[in-house]
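Please read these notes with the model open beside you.

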Amino acid sequence: MRKAQYGYGWDWGPRLPTIGVWRPVELRRDRGAAITRVNFSTLAIGRDTLVAVDVEAEGESDLTARVELLGASATVAVPGTAYLTLDDPPLWWTHDLGEPALHDLRVTLLAGGERRSNVRERRVGIRTLELDQRPDPDEPGTRFFRFVLNGVGIFARGANWIPADSFVGALEAERYERLIGDAVGANMNMLRVWGGGIYEHDVFYDECDRRGLLVWQDFMFSCATYPEAALAEEVELEARSQVARLGAHPCLALWCGNNENQWIHDMHFPDEGGARVPGALFYDDVLPRVCAELDPHTPYWPGSPFGGNDHNAREEGDAHNWEVWHGQARRRFGETVRNGPTPESVAFTRYAEDEGRFISEFGVLAAPDRETLRRWIPADQLSHHSPAMDHHTKDNPKNKIDMLLESVTGCGRASSTSSSTSR
């Protein structure tokens, strides 16, 4: 059964599995033929900017499509790819580097040279994006892991995006607009859609396009083993649907196979030293094959973290820093896990030790706003380690926060429990 994993509980959220239809359903009637997929990509930028528009349709034979963008047009047999040359058009940038320019693309389906009523319109951004993994000459033995947008290497600043509500069917567009606006206001230029949640609603990607935020997109696999034979067909259909839906968005920077599955498997079975992980059929075959077919200009990455000696190495690839908070120790393939936590191992000052190429996940436990606490916690339990507060702390052990406080203040639990969060 494929459902959002976070609904069964996580260290940041409650156990509230959802049921039923959670996205709009509509019945459409198309006469004769219908467009099934339009993908847009930028092949080269400059005076003679070259873009490609892939068009697929079903229905009648002898189908063609007329593709129009910024005054340029082309007609192509369907299925097929139209190539348009544009004269130095405005490019799509992240908001910190420039304007995220968007343009109207129109695709009209023709049968026997006559126009059909089936038309697909969408906003597109003209930009090139590469994942640079060249050896870093300034740090021998390491490789870059950086995104190059329109020829400019960027420093990715952002956060992991989990579903904005336990009940995703009730999320309003205004909430996405506010949260993504907050990300822009915090100077973020990338969000990672985390693999234990959902492939987000269209409004999420539309807003990231509009506001100039890149998106690292996990496929929805996280912290678990998966039965390959039982799910193979389902996963391929799922991947084809999502890659076709999202591939044309200028915000889309990377497809990622999963969250932490290779890394966790290796920690559980250190003697295997980077051996094949359950679910590898998806991460190493199905998903990269679908991405290469339907969205070949967007990089694919097998997992997060991935790369180097441990899958969470700092010399190459991306890394998750859970040395801070969980108190984890660095390891290599074949080594057993050495975890704290101790006040020294969970201290935030350990971030200064991190030499990772791209830190795609990190964080510490934090309390919500005081008004939220007052809404949900009884007035007589608005204190550290009260039964209600500990119940709402989903991570274990409950005293990790004491160790973090001690590493900052020098005071242990005895002192920290005397102060109240209701002040």
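1. Terms for the voids come first. On a 1 Å grid over the protein atoms alone, a cavity is a set of points where a 1.4 Å probe fits but cannot get out. A pocket is an open set with protein on both sides within 12 Å along at least five of seven lines. Lining residues have an atom within 4 Å of a point. Grid points are joined across faces, edges and corners, and a volume is the space filled by probe spheres set on the points.

2. On provenance: the model is predicted, with local features needing pLDDT of at least 70 and side-chain atom pairs counting only at pLDDT 80 or more, while totals for chains, interfaces and linings use all residues. Numbering starts from 1 along each chain as its sequence is written, and side-chain values use heavy atoms, with hydrogens and water left out.

3. The cavity. Searching the whole structure gives 1 cavity of 30 Å³ or more. The largest cavity has a volume of about 80 Å³. It has 13 lining residues, and W263, D310, Q328, A329 and R331 are the closest to its centre. By class the lining holds 4 nonpolar, 3 polar and 6 charged residues. Here Ala, Val, Leu, Ile, Met, Phe, Trp, Tyr, Cys and Pro count as nonpolar, Asp, Glu, Lys and Arg as charged, and the others, Gly among them, as polar.

4. The second largest pocket. Its volume is about 1100 Å³. The lining has 28 residues, with E26, R28, R120, D202 and R245 nearest the centre. β3 (33-44), β9 (114-124), α2 (202-211) and α3 (228-246) each give two or more residues to that lining. Helices (H or I, at least four residues) and strands (E, at least two) are DSSP runs, numbered from the N terminus. The classes here are 10 nonpolar, 6 polar and 12 charged.

5. Aromatic pairs. Rings of Phe, Tyr and Trp (its six-membered ring) pair if their centres lie within 6.5 Å; planes under 30 degrees apart count as stacked, over 60 as edge-to-face and the rest as tilted. The whole structure has 21 such pairs. F145 and W216 make a tilted pair, because their ring centres are 6.2 Å apart and their planes stand at 40 degrees. They are 71 residues apart: F145 is in the loop between β10 (129-132) and β11 (146-149), W216 in strand β15 (residues 214-218). Both are buried, a label for under 20% relative accessible area, with exposed over 50% and partly exposed in between (1.4 Å probe, protein chains only).

6. A second pair and a cluster. Y176 and F204 have ring centres 6.4 Å apart and planes at 70 degrees, so this pair is edge-to-face. Y176 is buried, as is F204. One aromatic cluster is formed by F145, F147, W216, W301, F306 and F358.

7. Charges over rings. The criterion is NZ of Lys or CZ of Arg within 6 Å of the ring centre and within 35 degrees of the ring normal. R2 puts its charged end over the ring of F221, 4.4 Å from the centre. R146 lies over the face of F144, at 4.6 Å from the ring centre.

8. Strands. Two strands pair if DSSP finds at least two bridges between them. An open antiparallel sheet of 3 strands has the order β10-β11-β12. β10 and β12 (152-153) are the edges; each has a single partner strand, so one side of each lacks a neighbour in the sheet. β11 and β12 pair over 2 bridges, with V148 opposite G153. Elsewhere, β5 (residues 63-69) and β8 run antiparallel, joined by 7 bridges. In β8 (residues 103-111), 7 of the 9 residues are buried.

9. Backbone checks. Which bond joins S304 and P305? A cis peptide bond, with omega about 5 degrees. N396 and P397 are also joined by a cis peptide bond, with omega about -5 degrees. N187 has a positive phi of about 70 degrees although it is not a glycine. N187 counts as partly exposed because its relative accessibility is 49%. E260, likewise not a glycine, has a positive phi of about 70 degrees. At 8% relative accessibility, E260 counts as buried.
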